[in-house]
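The sequence and structure come first.

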Amino acid sequence: MGRIVSIGTPESQDPQMSLLMKAIKSVHSVSSSGDSLDLDDIKKQRQGQDRFSSLATPSRSIETESLNIKGIPAEWVRPNYKYNNRHIIMYCHGGGYTCGSLKYARILASKLALHSGLAVISFEYRLSPENPYPAAIEDAMTVWNYIMQLGYGAREVVLIGDSAGGNLALELALRLTYKNRIMPKGIVLMSPWTDLTMSGESYHTCKSIDPMLTYEYIATARYSYVGLNDSYNDDFANDVKMNDSDFDYSKPEYSPLFASFVDFPPVLIQVGSNEILKSDSYNLFDKLIKEGVSATLEEYEDAWHVFQMMPIKKASKALDSIGDFIDELF
């Protein structure tokens, strides 16, 4: 069973939104060219994400609790009112696998907690280029095992990810199937990065209208994530020329789009109409439907990559839809 829904009218361009658009745009480019492999540039991007978190994270109605899971920094984000403690969300943050922290994750973790009425656990998985594949997926599996050890059943967990975190959420679910383990109750993906081959139509049709991501940025992120620069160190030159033409990005461990999804739980996908990764969502949806998975794809008009982070009506509508999806699961 599958459903595609087109949602939305353009948001008004108020001054606050313009400032926030500029802020989030600045943290989605490693450098002015968008294709830097220099660690200093990447660190600046990570710092920019943390600064942006102070603008976009809800400051009321939530409480946080820090924890450490076998060396992995993690955080519970909970509504500070009575909530459903029988089910939880495991959230995988985005950032091209090169960026992201608990501060950055707290933006969507907080919104998810408030719109779902569930506790959310997020975590700082190891980032590339310092820690390429499979570091992130290993960390995700460690956190999953921790959740199981707390006494939650797999079917009491909703797995959510945005952008590269959507890739990670899918890869975690796939790894569970490979190990013949029970899957989460459902999966929610916001602007997921599913195809590292960059072969989708939107990589060309939306290249000039995506306000957040560039083709060059994505190419750099994938090169870094798979570890082609595995001799990386702090002196890694900014002018290194990428030569990955012979690398197979279509392997399912990198591009979940090319995996098998038989017996997957229900999936909700949300994507913006203007984003370069739009085909990653549509092609995944088609694959899920062909393999008998219950899936819904929501395309939000005049929206950009992971617009749910922004304090705007369109984001609230999308998050309400996620809350409704979770309610229907349980």
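A salt bridge is a side-chain nitrogen of Lys or Arg within 4 Å of a carboxyl oxygen of Asp or Glu. This is a predicted model, in which local features need pLDDT of at least 70 and side-chain atom pairs count only at pLDDT 80 or more, while totals for chains, interfaces and linings use all residues. Residues are numbered from 1 along each chain as its sequence is written, and side-chain values use heavy atoms, with hydrogens and water left out.

**Salt bridges**

By this rule the model holds seven salt bridges.

| Pair | Closest N to O distance |
|---|---|
| K287 and E291 | 3.8 Å |

Helices (H or I, at least four residues) and strands (E, at least two) are DSSP runs, numbered from the N terminus. R78 counts as buried because its relative accessibility is 17%, whereas E65, at 37%, counts as partly exposed. Here buried means under 20% relative accessible area, exposed over 50%, and partly exposed in between (1.4 Å probe, protein chains only).

E299 is buried, at 12% relative accessibility.

In the bridge between K287 and E291, E291 is partly exposed, with a relative accessible area of 22%. Salt bridges with shared partners also join R126, E138 and D139 into one network.

**A buried histidine**

H305 sits in the loop between strand 9 (295-300) and helix 9. Its relative accessible area is 0%, so H305 is buried. The H305 side chain makes a polar contact (a pair of N or O atoms within 3.5 Å; within protein, one must be able to donate a hydrogen and the other to accept it, and residues adjacent in sequence count only if both atoms are side-chain atoms) with the side chain of S163, at 2.7 Å. Another polar contact, of 2.8 Å, joins the side chains of H305 and E275.

**Helix 9**

E328 belongs to helix 9 (residues 313-329). E328 is exposed, with a relative accessible area of 68%.
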